[in-house]
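Morning, everyone. Please have the sequence and the model open while I talk. I'll go through a few spots.

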Amino acid sequence: MSAYPTLLDGMIGSSQTTASPRLALDLLVAPRVPSDGVRARLAPMGLRRIEAALVASGFSPDDVAVVAPHRLSKAVGHDTRIIALSSGDPLGRGMNTNTMTAIAGGRSWTEVLFKRLLAKAVRLKRDHPALRIVVGGPGAWQLAQHDDARRSLGIDVVLTGYSETTAPALFRQAIAGENVEGVIPCDWPGLAGVPNILRPSVMGIVETSRGCGLGCDFCTLAKVPMVHFPADFIVRDVEVNLASGARNIGLISEDLFRYGGTASAPRPQELLALLRRLRKIDGLGMLQLDHANVSSVAACSDAELADIHLLLSGSRPRPVWLNLGVETASGRLLSSLPARAKMRPFDAAGWAEGCREQVRRLARAGILPMVSLVIGLEGETPEDIEITRRWVESLSGERVLVFPLLMAPTDSSRAPFGRRDLRPDHWALIKSCYRFNFKWLPGLFWSEQTAAGVGISRRVALAATARANVPWWKMLLALRS
C-alpha cells in the first residue's frame, strides 16, 4: 500500500526482500501513501472495490474507512467491529517471492510487512474483543490452504476470490455478533455486481477485464473465464482517479490484448476503440498495462501494434513495456501441461519460433516485451532448459527484458521449486536472462519515471541505486550458481 508513481515501481517494490534495507525501500521504492486524517488518499484497487460495495449495500460512507497500515491504530476505536486486510502474498508463497528469496536471500518484504500489520490488528483485537479480523486479496489462497497459519496469525475469516457481493452480508453477520469464522470461497455473479470505485486507487489502477481461463496451474485465475468491463465502466473508474489529481492510469488485465474478444478470437479493434476513447479524456497522462499473451499479440497486425503503442504512450512517444507470458520455449513441455491452451495458434513444434517472432514484432512497434519464463514446470527436463536458454540467447540485439521465475504451485499438492532444486543449467539460463535485464531495465525505469513526472532528484537517486545493483547482482548470480 505505497504511493508508487508507476506500475513498474510497484513491480520492483513488491519484489524486494529483507536483503534490501527497509529504509531504502521506504525512501526510494515504496513511499507511504498520503492520508487525510486517518483515510488513505490512495489504496489498492481491491480495497476500493470493497469500500464501494459496502457503501452500495447500505453502509454509510462514515462507517467505512480505508486506511494506510501505519494509521490503523488511529482508525480503530470501541465502535470498530471489523478490520479487513488485503494481501497479495501473505505467506511469501507467490512465484515472484519464491524466485527473489532464492536468488537474493532473506524474506519477502511483502510477507514481513503484512505479518507486522496483522500483529498490530491482533493487538487491537485484544483491546477491543468485539473486533473481527478478515483477510482477502489476491494472495488469500495461501491462507486458505494453510488453516494452521490462519489460526496462529489470529485471522478470523479468509475470503477467497472476488468478494464484492459476499463481503457486505458477511460483515453484517459479524457486526451482529454471529460466529463467522474460517475460509469462505466467494461466488462471483459477474460484472453486474461490481461497483465503480468511489476514491482513487494506487498507481491509478483500473480493471479492464477479470479472469483468464487458460488453465495454467501456477495462476489463481486459471479456471476463471475472462470477462471484460464495458468501456463506460472503465471510463468512470478512470475519471475518479483523474478527479483526485492523478495523471497516470494503469490498465489491469491478465491479457489486455484480449480486450473485447476471447482466447480463440482476440479482437484488436475493440482494444483500439477503448484506448482511443480513453485518450479523449482531459488530463490523462501515461497509460500503462501489465500482461498480454503471445496468442493475442499474434492476432494483431503490425499496424495495429503500432497504433496500440502510440495510444498507450500518448503525445510524446516512449517505450511501453508489457509482461509477455512465454513460460518456456519448449513446445513439447508446454503442450504437456494444462497451460497448452495459451499456445494458440502455434503447435508444439512452432511455439519457440512463434514466440520469438512476436517478441520482435512488439519491439519493432516500440513496445518493450518483458518476457516471463517459469523454471521447474512439471515434467521439465535438462533438454527443455537448454532449448529455453538457446531461445533467450537468440534474442541478442533485441530490446527485451527476460525474467525467469521459479515454479510455485497455487495448490498444496506440490512443493515450490526452490534454490536447492536449481542445477547448473538452470543457473546458466538465469544468467542469460539477466544479461538483458542489466542492459535495459535501468533505462526503462528512468523513462517510466520521467513520463510519470517524478522529480529529477528522486530519479537520479533511483538510477544510481539501480546501476550500483548491477555488479552486486552479477556477483550474487555467480555465487549462487
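G106 is in the loop between helix 5 (95-104) and helix 6 (109-127). Keep in mind that this is a predicted model. The cut-off for exposed is over 50%. Now look along the chain to F417, 311 residues apart from G106. The C-alpha atoms of G106 and F417 are separated by 16 Å.

Next, T80. T80 also belongs to a loop, between helix 4 (72-75) and strand 3 (82-86). Why do we call T80 buried? Because its relative accessible area is 18%, and buried means under 20%. What does the T80 side chain reach? It reaches the backbone nitrogen of G77, at 2.8 Å.

On to the strands. Strand 5 (residues 157-160) and strand 6 (residues 182-185) run parallel. Four bridges join strand 5 to strand 6. Between these strands the chain passes through helix 9 (residues 167-175). Which hand does this β-α-β crossover have? It is left-handed.

How does the lining of the second largest pocket divide by class? Ten residues are nonpolar, five are polar and three are charged.

That's my tour. Over to you for questions.

Notes. Residues numbered from 1 in each chain as written. Predicted model: local features only at pLDDT ≥ 70, side-chain atom pairs only at ≥ 80, totals over all residues. Heavy atoms only, no water. Pairing = 2+ DSSP bridges. Helix = DSSP H or I, 4+ residues; strand = E, 2+ residues; numbered from the N terminus. Right-handed = clockwise from strand over helix to strand, strands pointing away. Nonpolar A, V, L, I, M, F, W, Y, C, P; charged D, E, K, R; others polar. Buried < 20%, exposed > 50% of the residue type's maximum accessible area, 1.4 Å probe, protein only. Polar contact = N/O pair within 3.5 Å; in protein donor to acceptor, adjacent residues only side chain to side chain.
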